[in-house]
Structures are given as structure tokens and as C-alpha cells.
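Biologist: I have not looked at this one before. Can you walk me through it?
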Amino acid sequence: AILAQARRLWRPALSLPAPSAMLTALLPQRAPRGLRRVVRGYVSAVRPLRDYPRSAWQVRPVSSLRHGSGAAMSTETFPWAASSYKPFVSIDTTTDDLILRISKAAAEDNVALARRLCLRLLASGSDGDCVASLVPLAVWNALVCSHARAGDADAAFVLLERVEAMSPDGSHDVPPMVFEALLSGLVDSRRSAAAFATFQRMRTRALLEPNARIYAVMLKACGFAGDPDQALSLFQELASMEQPPPEARTELIIALTSRRRTTLEAFRRFSEAARLGDPLDLRVCSHLAFACGRGGLADEAKLLQRRMLAAGLEPTNKMRADLVQAFGGAAARLARAPGAERSSGHRAECIRLLSHAWRLVQEAREGGALPVEVYNALLSAYCAAGLEDHIGQLLGMGAELRCAPNAESYAIVLSALQGSPGRFHSVWAAMLGDGGVRPTPVILETALQVAAAARNAKWARAVLELMFGAGIAPSEQAITSLKALPHDSEGRALRQVMSAFRSTGFAAQERK
């Protein structure tokens with residue numbers, strides 16, 4: 001009754017110079033004090049909105065929004081509705097006021113505030129379920145969306161079950177936007193299995209047909225799960241109903257790059273998207289560059305470079321490293337081809353591929369020092385191509401490239417030189433002379449096995465001493481190889497170090 005009188009009085013009061021004072025005179029002398037406070041607060045809230053369209057400031061009682069009509073209420077009206085109810089909070093915090101405040105917090109994705117208000121709402125009555133049933137379905141839908149966007153998928157599932165239980169006549173009248181927000185939250189948190197289960201639940205229990213945005217979200221889930229076959233099936237299903245949007249084609253391309261066997265299909269879809277005029281972004285380019293580096297696809301790497309240059313996109317250092325590995329992998333295939341050592345054409349093609357890699361290195365150097373990840377990718381390309389003669393020279397170019405080799409750089413080179421103990425030992429000595437690099441456990445184990453294969457007891461003892469100081473136990477395979485070395489003076493010193501490992505428990509710890 002107080003709200004009804006306030007609505008009748010606030011409209012003529014907007015044109016008055018002092019609405020609060022004039023309303024005091026308009027009100028009956030015996031009007032309750034609460035009514036005067038309500039009217040003054042209501043006018044102060046709605047007067048700044050007199051120039052808004054009628055749909056923006058028209059307020060309906062919360063009781064008329066429950067269940068049937070509440071499901072159609074747009075969540076965009078919640079923030080204004082809650083702010084217009086703010087003057088009444090100082091009078092009495094009613095159930096309607098709490099409902100509007102919950103809706104405002106949910107619309108703003110303020111999950112913590114929404115939870116506190118929900119607890120206060122449930123505690124405001126003797127029967128919490130009865131009080132919760134007064135909340136419109138649109139508010140529950142907004143709560144599901146806010147929790148899903150915040151990454152709390154478990155709470156969103158619980159709220160979704162409440163929404164389905166509160167639907168009229170037992171029907172699951174849940175709008176698609178709720179499932180879209182829930183699926184997006186699951187996919188962003190890398191819970192692909194739960195996302196597919198929710199997608200199936202939406203189609204079977206809720207009897208909802210997914211829209212193009214939901215299909216794009218599920219295609220993204222296929223990319224995270226590494227399931228390109230499921231992605232192709234979903235995309236074909238979407239294409240049978242409507243023209244897929246650009247974001248759906250983008251997610252399909254990314255999903256296809258998750259497996260080697262579908263990489264070429266990803267580039268075919270990439271060319272098709274370019275013909276349709278889809279915008280190019282760095283996200284899809286980074287996945288395509290990774291696929292090129294993984295498979296050594298030089299032609300596809302060149303195509304990607306041309307498309308990015310035409311779109312004005314600057315590749316990241318990670319993308320440059322992947323493209324360098326693509327050219328290195330293609331050069332490695334040429335080097336392993338039959339008769340490649342005797343063919344001058346194979347060697348010329350290998351040099352041409354590495355020249356593309358060097359062009360990427362020069363582009364990365366334009367900003368100053370060469371990033372170490374691009375430098376390591378170049379080392380991997382030379383090692384894969386079998387150019388061991390140039391690896392030592394490339395390691396010495398660190399000062400010229402303004403990029404000092406790190407432990408990963410030496411690990412790449414030493415792994416490629418395991419079949420050449422002499423070159424391995426020279427690179428090993430250079431690494432130990434570099435004070436800024438500490439050998440990793442993998443490098444130490446590799447050096448120990450190479451020293452044992454070369455039957456160099458002195459070198460093996462030096463490596464064992466480094467491992468002992470670092471607290472790293474050698475493998476059983478390396479110990480077996482070291483026991484086969486001759487029993488000379490160096491061999492006896494080597495066995496003393498091996499006995500120190502046994503006495504300190506390093507070997508027992510490794511066996512455990």
C-alpha cells in the first residue's frame with residue numbers, strides 16, 4: 001500500500017522545485033511517518049531518470065515477476081531496479097529488497113555479495129525453501145550465469161537443479177543463456193568431460209536446441225580435449241542448420257590442430273575461412289604455427305606468414321620459434337631422405353629452408369636481443385638437419401646475437417651429439433666454463449652415459465662427482481656400463497665414487 005501511494009505521488013512531484021517539501025504538504029496530516037520517508041526516498045531515486053524512456057524506469061512489484069512472468073524478465077533491468085529500491089533499505093530490509101539486491105549482484109558477477117545476500121534471504125524466514133520459492137526464476141538464472149562465469153561450476157550445477165525444480169508444472173524452462181554461461185565456465189576451467197555431459201543434458205532433459213554460440217563453446221571444448229573428430233561432427237551439425245559464424249570456424253581450426261593427422265585439414269579450413277572473409281587473430285595463428293613446428297610443415301608455415309603479413313599481425317616470439325622448428329623439421333626430412341648425402345639438390349633445398357629460419361631470427365632481433373626461445377629453436381633446426389659441424393659455431397655466436405645460451409640450449413646440442421663423444425666433450429667443457437649455466441639432471445645423465453660408452457673413466461668420475469655434489473643418483477643402466485670399465489687407477493677412483501653413492505643412500509633412493 002505504501003509503494004502504491006508513492007507511485008501515485010512521485011510523478012507530479014518531479015516538476016516541483018522542492019519535491020520532498022511539497023510532498024510533505026500533499027500527504028495527509030495523519031499519514032504514517034514511514035510513508036513520508038518512503039515517498040521522499042522514492043522521488044530522490046527516480047527523479048534523475050525522468051528523461052529515460054518509459055521502459056527504463058517503469059517498476060513492477062516483485063510479486064508480479066514470480067515464476068511464469070519472471071522467466072521472461074531481462075537481467076539488464078536488475079541493476080537499476082536494485083538501485084531504485086536502495087532508499088527503502090534504511091526503513092526495513094524486506095524479502096523483495098533482498099531479491100533485487102541479489103539480482104543486482106548476480107548481474108554484476110559479484111558472486112561473494114550474491115552468496116551473502118542469499119544466506120540472509122534464506123535466514124529471513126522460518127522456512128528457507130518457502131522464502132527461496134519467492135525468488136523469480138530470472139534471478140536464479142542470473143545466479144547460475146554469474147557462478148559459471150566466476151569458475152564455480154559446482155555451485156552453478158546446484159543452482160541449475162534448483163531452477164529446474166522450480167519450473168512450473170515440472171517443466172525445465174531454463175533459457176539457453178544459462179546453459180551457455182555454464183558451458184563457458186566449464187570449458188574455461190578445462191573441464192571438458194563435464195561440459196560434454198552438460199551439453200547432452202541440455203539436449204535431452206531440458207529439450208533445448210543449442211544455438212551457434214553454444215556450438216562454438218563446445219568446439220572450444222573439443223580443442224582442449226584434443227578430439228578433432230567430435231569437433232568435425234559438431235561443426236557439420238551446425239552447418240546443416242545455419243551458416244556457422246566466424247568464431248565457430250576459428251574454434252574448429254584450433255581443434256583440428258590438436259592432432260597431427262588433422263593438421264592438413266585445419267589448414268584447408270583455414271583457407272576456407274580466409275575466402276569467407278573471417279578476421280584473422282593471433283590465437284588461431286599461434287595454434288597453426290605450433291602445428292607447423294610439430295610436423296615440420298614448411299609450405300604451410302610460409303602460407304601462415306603471408307596471411308599474417310597481409311593482416312598486419314606481428315608474430316610473438318613463441319610463434320617465431322615454432323616456425324623456425326617447422327623449417328628445421330622440413331630440412332631434417334630432406335637430410336634423412338635416401339641419397340641425400342650425395343645429392344646437391346637436397347643440400348641446396350636444406351640451405352634454403354634454413355635461410356627462412358634465419359629470416360625469422362633477424363625479425364626477432366629487430367627489437368634488441370634475440371629471445372632465447374627463438375635461439376633454441378634455431379639450434380634444434382640445425383641439430384635436426386644433421387649440421388653438427390655448424391653447431392659449435394652457432395653456440396659461439398651468442399655474443400653477436402646478444403643471447404647467451406642457457407641450460408636448455410646445451411641440452412639440445414648435447415642430445416644431438418651423443419654419437420660423437422669428441423664433439424660432445426668439447427661442448428661439455430664449454431658449458432662447464434660458462435659460469436651462468438648449471439647442468440641439469442638430464443644433461444648429467446646423458447654425459448655419464450656418453451663417457452661410459454667412450455670408456456673414459458676420468459671423464460665419468462668427474463661427472464659422478466658433479467652428480468654427487470648435486471644429490472643426483474645415476475641410473476642403473478649407467479652404473480652397469482661403468483662397472484665394465486677397466487680396473488686401472490682411474491677405474492679404482494671411479495669405483496670409490498660409486499661406493500660413496502651406495503653409502504649415502506643415493507642409489508637406494510633412486511631404486512625406491
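Modeller: Let's start with a helix pair. Helix 19 (residues 317-336) packs against helix 21 (residues 372-384) at an angle of about 5°, and the two axes are 8 Å apart. Angles under 35 degrees count as roughly parallel, so helix 19 is roughly parallel to helix 21. Keep in mind that this is a predicted model.

Biologist: Which residues of helix 19 and helix 21 meet?

Modeller: On the helix 19 side they are N317, K318, R320, A321, V324, Q325, G328 and A332. They meet E373, V374, A377, L378, A381 and A384 of helix 21.

Biologist: Is D322 buried or exposed?

Modeller: D322 is a residue of helix 19. Its relative accessible area is 6%, and buried means under 20%, so D322 counts as buried.

Biologist: What does D322 touch, leaving out residues up to four places away in sequence?

Modeller: D322 touches S286, A289, F290 and G293.

Biologist: And which side chain makes a polar contact with the side chain of D322?

Modeller: That of K318, at 2.8 Å.

Biologist: Over to helix 21 then. Where is N376, and is N376 buried or exposed?

Modeller: N376 sits in helix 21. With a relative accessible area of 5%, N376 is buried.

Biologist: Which residues is N376 in contact with, neighbours within four places aside?

Modeller: N406, E408, S409 and I412. With S409 there is a polar contact between the two side chains, at 2.3 Å. As for E408, it is 32 residues from N376 in sequence, while the C-alpha atoms of the two are 7.4 Å apart in space.

Biologist: Changing topic. How many helices and strands does the whole chain have?

Modeller: The chain has 30 helices and zero strands.

Biologist: How much of the chain is buried?

Modeller: 45% of its 512 residues count as buried. The accessible surface of the chain is about 25300 Å², and carbon and sulfur atoms account for 53% of that.

Biologist: What about contacts between residues at least 24 apart?

Modeller: Take the contacts between residues at least 6 apart in sequence: 64% of them join residues at least 24 apart.

Biologist: Now helix 27 and helix 29. At what angle do they pack?

Modeller: At about 20°, with the axes of helix 27 and helix 29 (residues 489-504) 9 Å apart. That angle makes helix 27 roughly parallel to helix 29. The crossing of helix 27 past helix 29 is left-handed.

Biologist: Which residues of helix 27 and helix 29 meet?

Modeller: Helix 27 brings A457, K458, A460, R461, L464, E465, M467 and F468. Their partners in helix 29 are E490, G491, A493, L494, V497, M498, A500, F501 and T504.

Biologist: What about the loops on either side of helix 27?

Modeller: A454 is in the loop between helix 26 (441-453) and helix 27. A relative accessible area of 36% makes A454 partly exposed. A454 and L485 are 31 residues apart along the chain, and 9.9 Å separates their C-alpha atoms.

Biologist: And where is S475?

Modeller: S475 lies in the loop between helix 27 (457-470) and helix 28 (476-483). S475 is buried, at a relative accessible area of 16%.

Biologist: Which side chain does a polar contact join to that of S475?

Modeller: The side chain of E445, at 2.4 Å.

Technical notes: Residues are numbered from 1 along each chain as its sequence is written. This is a predicted model: local features need pLDDT of at least 70, side-chain atom pairs count only at pLDDT 80 or more; totals for chains, interfaces and linings use all residues. Side-chain values use heavy atoms; hydrogens and water are left out. Helices (H or I, at least four residues) and strands (E, at least two) are DSSP runs, numbered from the N terminus. Buried means under 20% relative accessible area, exposed over 50%, partly exposed in between (1.4 Å probe, protein chains only). Contact means heavy atoms within 4.5 Å. Accessible areas come from the Shrake-Rupley method with a 1.4 Å probe; for residues, only the protein chains shown count as cover. A polar contact is a pair of N or O atoms within 3.5 Å; within protein, one must be able to donate a hydrogen and the other to accept it, and residues adjacent in sequence count only if both atoms are side-chain atoms. Axes are lines fitted to C-alpha atoms, for helices over the stretch in contact, and angles run from 0 to 180 degrees between N-to-C directions. Angles under 35 degrees count as roughly parallel, over 145 as roughly antiparallel, 65 to 115 as roughly perpendicular and the rest as oblique. A crossing is left-handed if the near helix is turned anticlockwise from the far one by less than a right angle, and right-handed if clockwise.
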